[in-house]
Amino acid sequence: MKGGGGGGGGGAVSVTTGKRRWRSLVIGVLFLVILSMLVPLAFLLGLHNGFHSPNPNPNGYVPVHKTSIVSDLKIYDKYENSETFNHAEDVRSNFPDGAKTETSDMSATDTSHHSKVTPVSPPAVPQSLPNTSNSKIAGTVAATGRGGVDENENCELKFGSYCLWRREHREEMKDTMVKKLKDQLFVARAYYPSIAKLPSQDKLTRALRQNIQEVERVLSESATDVDLPPGIEKKIQRMEAAITKAKSVPVDCSNVDKKFRQILDMTNDEANFHMKQSAFLYQLAVQTMPKSLHCLSMRLTVEYFKSPSVVMELSQADRFSDPSLHHYVIFSTNVLASSVVINSTVLCARESKNQVFHVLTDGQNYFAMKLWFFRNTFKEATVQVLNIEQLNLESHDKAILIHMFLPVEYRVSLLNVDGPSIHSKMQYISVFSHLHYLLPEIFQSLTKVVVLDDDVVVQKDLSALWDINMGGKVNGAVQSCSVSLGQLKSYLGENSYDKNSCAWMSGLNIVDLARWRELDLTKTYQRLVREVSMGEESKEAVALRGSLLTFQDLVYALDGVWALSGLGHDYGLNIEAIKKAAVLHYNGHMKPWLELGIPRYKKFWKKFLNQEDQLLSECNVHP
């Protein structure tokens, strides 16, 4: 019996323990349910606050703070060469509340009294975009504004050439009737609660309610103007009459003000989001390789290993190092672009048998380039393709050279301050990259070369460049006097240089390699690079300062008729001036081989493209 009693007591304890466990389980489940409700609620509240502007003023107005021009200069490293395209996380982080921008900057001070070079955040662009279709690595010297800059200029300061492209491709607003109905519906809904509270306005209340219901029914059935029912004009007129009467009635404006501020905030947020998203997509389009060009490069690479083209270059080896010939150097990863440069130069030359072209590219595009220039002949000219990864440059950091072997391009926004008004002007300047400063080492037997960017088109014979006496200068270049070194002195430092001298442009450069070796400019450039590299500046920022200071007092100014720049960003160039220029430089983002290229300038590039090659049609290459 005692044993049985003991067993009964143990069962009671077990039941009690089970009830406690069950009670704990229920409490835990309730806690999780409540937590699962609170977390989404907190997220929604945070999202709401992120999409609506703050309203700290009790009257409902957000104070406007005017900002003066910031007197510092920043280099925004927008894109970097990369073999991968890992930008999904960047895209996500760039568009939480419309868009955010990430910048890496360098401070400086600008004391110029008529124009200021000041920074602005560039469009939200992934930090690892491949730079394959564009022959430039783009850094930015940009600007910020204050009250006085109009909407178009402010857009250019923020988003650069995207705003130029947007203005040229602006479409007329469609479905204006539907949009007008939506605006009327929102206004009527804003006034209706206040009017409905007034006993003396029963008739107006019924009219508003009836018109609101009719418009809601129409909009539920119609998304475009074509879908609107007959007689919609009369409905619009009746709604407009009812709204006009409602506006004439004295009511408490707090509700109306709240509704209007709500739509204002929503509209501003939506417009801002779409603007930055469009700017991002524009940058994505100009900085990624078109599918057709990628197909061409891959097909050429595959075909290369099926052909014996490697041995065909040996018979021309003696011409590659003959200093009596005219040597042209091109840095490029774009097969079509470099082909157009060579083809246009040869076709416009009086004699082609003394022309030798050296195309320097990376390992990824080397085989495609090699086969392309084997398949296509250019009169009697000779073409050599060099892989920069196989050059004998053991004393230099090859990783940096591979990353920085294309010319570096910068967007410069200048603010001209004239009293209360401010006008901005955007310029593009391009300079040599790190690899350019090894030209004397790469071509040890040559004394003079012409360096061409791959976004140029030659329209006249360039042989006269070899007859120019540069008087001890090293770099013959066309100068961009809209940007002086004095305007950049806070960035360039307090070195001894002429503040009034103009910035020089790459694109078309005659380089005296013999004089370069005498002055040991490569060592000068490397010293300037080491001085700047101590900070957090990007490689592109280092290249700008190093290039401008290395050739100080060593630039021979070519006549402006030799080269015309701006065909990659300026819609307003004179056609007659374009026809007269010896070289056309498509500097900017809107390259002629891209769909976003400026249509009226594309024909000057396209006529030198060899479109008879079968691979072009197979890869659907139609610039």
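**Close-up views of a predicted model**

The protein chain has an accessible surface of about 31000 Å² (Shrake-Rupley method, 1.4 Å probe), and 54% of that surface belongs to carbon and sulfur atoms. This is a predicted model, in which local features need pLDDT of at least 70 and side-chain atom pairs count only at pLDDT 80 or more, whereas totals for chains, interfaces and linings use all residues. Residues are numbered from 1 along each chain as its sequence is written, and side-chain values use heavy atoms, with hydrogens and water left out.

View 1. Helices (H or I, at least four residues) and strands (E, at least two) are DSSP runs numbered from the N terminus.

**View 2. Strand 5 (residues 382-387) is covered on both faces.** Thr382, Gln384 and Leu386 are buried on one side, and Val383, Val385 and Asn387 on the other. In a regular strand, side chains alternate between the two faces of the sheet.

**View 3. Strand 4 (residues 355-361) runs parallel to strand 5.** Six bridges join the two strands (pairing requires at least two DSSP bridges). Leu360 has Leu386 of strand 5 as its bridge partner.

**View 4. Helix 5 (residues 176-196) crosses helix 6 (residues 202-221).** Their axes, lines fitted to C-alpha atoms over the stretch in contact, come within 9 Å and cross at roughly 150 degrees (angles run from 0 to 180 degrees between N-to-C directions). Contacts (heavy atoms within 4.5 Å) involve residues including Leu181, Leu185 and Tyr192 of helix 5 and Leu208, Ile212 and Leu219 of helix 6.

Definitions and conventions: Buried means under 20% relative accessible area, exposed over 50%, partly exposed in between (1.4 Å probe, protein chains only).
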